[in-house]
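Have the sequence and the fold open side by side as you read.

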Amino acid sequence: MKLADSVRFVRGVGPKKAELLGRLGIATLEDALLCYPRGYEDRTRVTPIRRLLDGEKQCVHAVVGAPPRTAHIRRGMDVTRCVVYDESGALTLQFFNQSYVASSLQTGQEYAFFGKIRAEKRGFVMLSPEFEPVGAAQCTGRVLPFYPLTAGLHQRDLYRVTDAALAALPGEMPDFLPARVRAQQGFAPLGDALRAIHRPQDMQQAQQARRRMVFEEFFLLSCGMGLLRARRSGRCGAKLRDLSLTAFYRALPFALTGAQQRAIEACTLDIAAGRPLSRLIQGDVGSGKTMVAAALCYLAAKNGRQAVMMAPTELLAQQHMQTLQPLYGALGLSCGLLTGSLGARQKRETVQAIEAGELSVVIGTHALLRGDVRFRDLAVAVVDEQHRFGVQQRAALTEKGENVHLLVMSATPIPRTLALLLYGDLDVSAIDELPPGRQKVKTYAVGERMRPRIDAFIDRQCAEGGQVYVVCPLVGDGESGRTSAEHTAERLTAALPHRRVALVHGRTKAAEKERIMAAFAGGRVDILVSTTVIEVGVNVPNATLMVVEDGDCFGLSQLHQLRGRVGRGARQSYCVFYGADRGEDARERLKTLVHTDNGFVIAQKDLEMRGAGDFFGTRQHGLPPMKLADLAGDTRVLEQARRMADALLAADPALTEEPQLRARVEKLFAQHGEGSFN
Ligand code: ADP
Ligand code: MG
């Protein structure tokens with residue numbers, strides 16, 4: 001058979017199986033080769049019986065001591081037991097409803113057994129082992145790959161097709177990795193690597209092969225990102241002649257930090273050079289990203305063009321409006337708000353004002369993406385809290401003008417590995433300096449026992465003129481004994497009757513939410529109980545205490561974000577996470593936050609503990625999924641791949657010398673990503 005042949009022609013694969021394989025993306029033998037094992041079971045190691053470990057799957061070589069005996073336990077259930085020996089001790093094999101094994105175990109013969117061990121009072125028991133004569137190397141004595149499956153498929157089906165595919169490998173496989181890259185990385189020829197990843201002789205071989213495949217994934221992705229970057233930088237950006245910010249700086253109530261100024265300068269340099277700005281501003285919560293965006297929007301408006309700023313929630317859009325409208329007003333520039341909750345008439349008027357160019361700066365939510373929102377002359381687009389939006393939404397916003405300068409902002413500190421992947425097509429500025437006068441937030445991880453003291457502490461913060469956030473995982477009464485916001489609000493109202501308690505959650509009507517948030521911001525509410533609706537970006541400098549109920553059920557990065565809601569004013573602020581009494585794991589996680597306030601360290605920890613799933617969530621980033629690469633563990637490989645891809649692209653920007661590579665990258669991105677590179 002040839003690699004291009006359909007898996008339907010493999011013996012033992014009927015039309016039904018072929019259809020199921022198709023669901024895994026395996027139509028041809030070549031596809032089967034690219035379906036790498038999820039993991040391996042190492043059955044090469046033989047363990048002496050005396051050294052077996054409880055609960056592990058292990059392999060022993062042992063002699064059958066006496067004929068197996070079958071006993072009837074109850075209706076429809078019998079158990080067959082057999083004692084086997086090696087030089088170190090004895091082991092009981094136990095099979096349920098498999099009395100037929102008795103006939104294939106000959107007394108006095110040695111077999112290889114593989115199965116899960118359970119330590120019992122009378123000694124080790126191996127549960128329903130697989131077995132074969134020593135040396136048969138079918139089910140023991142080898143490293144068994146296991147493949148991703150779907151209902152109705154078995155590992156043996158995958159073995160069939162991968163066996164057939166390996167048999168069809170030509171003597172020399174064309175390799176899309178450039179020869180120089182292969183040599184530098186010390187990779188074996190592709191054919192050998194494929195054999196090793198599917199049928200490794202030992203674990204070391206499997207590891208080596210895996211490294212190559214991980215490198216490949218990252219390399220392809222990096223090349224793709226590089227091509228995207230090249231596509232953008234080949235264009236010219238919207239021209240903004242007047243790049244002076246003096247009036248803007250003068251209108252601000254404070255001096256910008258060095259980091260803010262550097263970020264703004266990086267942007268204006270790009271614009272001055274005629275390049276389309278395409279930059280990620282990364283900075284911890286409270287680092288003042290909004291002002292960087294505001295400066296860019298100001299430049300667009302000042303040059304008679306338009307700017308748009310998109311935020312993920314109404315609350316946040318309104319907050320931006322409240323900060324920026326007076327600022328732009330003082331500078332003689334118009335600024336408008338467009339969100340989903342506007343009344344029909346107001347919405348229509350705003351949309352018309354945008355189209356007529358009467359509004360210079362437009363702030364809003366997803367509502368901005370609607371087709372009927374047309375700009376007269378859009379030059380700058382800002383996406384705030386970028387991780388809440390996908391690559392496609394980012395693109396949809398910039399498509400509302402020509403050669404639009406794009407600025408994306410993120411407070412979710414993304415581990416380097418992910419940043420390189422998700423934002424590989426963007427330049428990055430880090431705002432690594434907080435506005436002056438901020439103090440560290442004192443953080444505590446506590447258990448239920450501390451509740452009376454924490455309640456008293458909440459009261460004291462209010463007495464001293466501060467305000468308090470209390471965040472709960474649920475709105476109403478919920479499953480699994482978690483704390484509901486409604487219940488917490490009632491409890492605190494009863495416990496602290498002299499304090500003004502308010503409640504906001506995802507089901508609160510927009511107008512009501514706005515009223516409450518305004519009251520909290522204005523100091524007319526002491527304690528704001530909420531769900532994570534306040535997670536992103538909310539800014540009330542007078543708030544000095546953040547209490548999070550059930551801290552153990554949030555991600556570390558999310559908790560760090562919540563903590564960032566306080567410590568925004570000059571006063572000492574505090575953060576309390578409940579949940580430290582929910583087991584060792586929970587305590588460990590929460591302790592991470594007590595010990596560090598570096599968002600990047602926390603994000604990295606989060607990634608290690610919870611995997612990339614959270615970051616990749618709904619896949620809305622629109623990039624090809626990783627088959628093998630472990631984003632937390634493979635940082636070094638990623639960095640090497642990225643460096644080599646960049647070097648290659650620097651010498652050969654369109655990959656004309658490497659047509660095979662280019663074809664692979666295009667195929668990958670055409671299936672999952674942004675389409676064409678041209
Ligand atoms: P984030 O980076 O989380 O979006 P914001 O832009 O909301 O942060 O800024 C947080 C707070 O810090 C706001 O109240 C803002 O007015 C204030 N701020 C921003 N820059 C400065 C500065 N250079 N000096 C003092 N306060 C600042
Ligand atoms: Mg912000």
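In helix H21, the buried residues are Thr635, Val637, Leu638, Ala641, Arg642, Met644, Ala645, Leu648 and Leu649. Buried here means under 20% relative accessible area, with exposed being over 50% and partly exposed in between (1.4 Å probe, protein chains only). Helices (H or I, at least four residues) and strands (E, at least two) are DSSP runs, numbered from the N terminus.

**Ground rules**
- This is a predicted model, where local features need pLDDT of at least 70, side-chain atom pairs count only at pLDDT 80 or more, and totals for chains, interfaces and linings use all residues.
- Residues are numbered from 1 along each chain as its sequence is written, chains are lettered from A and ligands numbered from 1 in the order in which they are written, and side-chain values use heavy atoms, with hydrogens and water left out.

- H21 has 17 residues and should span 24 Å at 1.5 Å a residue; its end C-alpha atoms sit 25 Å apart, which agrees.
- The expected span is 1.5 Å times one less than the number of residues in the helix.
- H11 (residues 344-356) passes the check too: 13 residues should span 18 Å, and the end C-alpha atoms are 18 Å apart.
- Which residues of H11 are buried? They are Lys347, Thr350, Val351, Ala353 and Ile354.
- Those residues lie on the same side of H11, because they cover an arc of only 160 degrees around the axis; the arc is that of the directions from the helix axis to the C-beta atoms.
- An α-helix has 3.6 residues a turn, so residues three or four places apart point the same way.
- On the face of H11 turned away from its buried side you'll find the exposed residues Ala344, Arg345, Arg348 and Gln352.

**Around ligand 1**
- The shell holds 16 residues, and Gly286, Lys289, Thr290, Arg438 and Asn539 come nearest; a residue is counted if one of its heavy atoms lies within 4 Å.
- By class, that shell has 5 nonpolar, 7 polar and 4 charged residues. Ala, Val, Leu, Ile, Met, Phe, Trp, Tyr, Cys and Pro count as nonpolar, Asp, Glu, Lys and Arg as charged, and the others, Gly among them, as polar.
- The side chain of Gln260 puts an N or O atom 2.9 Å from a nitrogen atom of ligand 1.
- Gly288 has a polar backbone atom 3.0 Å from an oxygen atom of ligand 1, and a backbone N or O atom of Ser287 is 3.4 Å from an oxygen atom of ligand 1.
- On its own, ligand 1 has 560 Å² of accessible area, and the protein covers 86% of that (Shrake-Rupley method, 1.4 Å probe).

**Positive phi in the loops**
- Asn403 is not a glycine, yet has a positive phi of about 50 degrees; look for Asn403 in the loop between helix H12 (391-398) and strand E14 (405-410).
- Is Asn403 buried or partly exposed? Asn403 counts as partly exposed, at 33% relative accessibility.
- Leu655, also not a glycine, has a positive phi near 60 degrees, in the loop between H21 (635-651) and helix H22 (659-672).
- Leu655 is buried, with a relative accessible area of 1%.

**The whole chain**
- The chain has 22 helices and 21 strands, and 52% of its 678 residues are buried.
- Its C-alpha atoms fill a box of roughly 95 × 70 × 45 Å along the principal axes.
- Leu545 belongs to strand E20 (residues 543-548) and is buried, at 0% relative accessible area.

Technical notes:
Polar contact = N/O pair within 3.5 Å; in protein donor to acceptor, adjacent residues only side chain to side chain.
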